[in-house]
Amino acid sequence: MRWRDRYGLRRLRGPKIAKFDREATDADIEALIAFAKSRRGVEFYVEPETFATDTTAVAVADDGEWTRRRVGAPAVIRKVARDLALPVYDVQLTGYPPRMRAYNERRRREEA
């Protein structure tokens, strides 16, 4: 493992890079790890790469709070989830959890 590729971003991503987006960095992965360690019941949801964006992961806590970060490849977030003993799901197969929508609705009501 090279020091510049601590989480395997370049190795696991392969040759494909989104055209209009920046690449995932170690800071993106570390932000997901910090979120997961500071909240209860976190699950990861992998979002596929599109033409405009790199592969992303959404970390959703037990209360519905969430954050989204670039991960480079699904294998990267699977490795992180395995190390943290947390579940990881493909959002195309499972969709987003209802608690995430409920959290967004609560935030909208509080801001109004």
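Let me begin with Tyr89, which is partly exposed at a relative accessible area of 31%. Here, buried means under 20% relative accessible area, exposed over 50%, and partly exposed in between, with a 1.4 Å probe and protein chains only. This is a predicted model, in which local features need pLDDT of at least 70, side-chain atom pairs count only at pLDDT 80 or more, and totals for chains, interfaces and linings use all residues. Residues are numbered from 1 along each chain as its sequence is written, and side-chain values use heavy atoms, with hydrogens and water left out.

Tyr89 has a partner. The whole structure holds 1 aromatic pair, where ring centres must lie within 6.5 Å, and planes under 30 degrees apart count as stacked, over 60 as edge-to-face and the rest as tilted. The rings of Tyr45 and Tyr89 lie 5.3 Å apart at their centres with planes at 35°, so this pair is tilted. Tyr45 belongs to strand S1 and Tyr89 to strand S4 (residues 88-90), 44 residues apart; strands are DSSP runs (E) of at least two residues, and helices (H or I) of at least four, numbered from the N terminus. Tyr45 itself is buried, at 5%.

How values were computed: Phe/Tyr/Trp six-rings, centres within 6.5 Å; stacked < 30°, edge-to-face > 60°.
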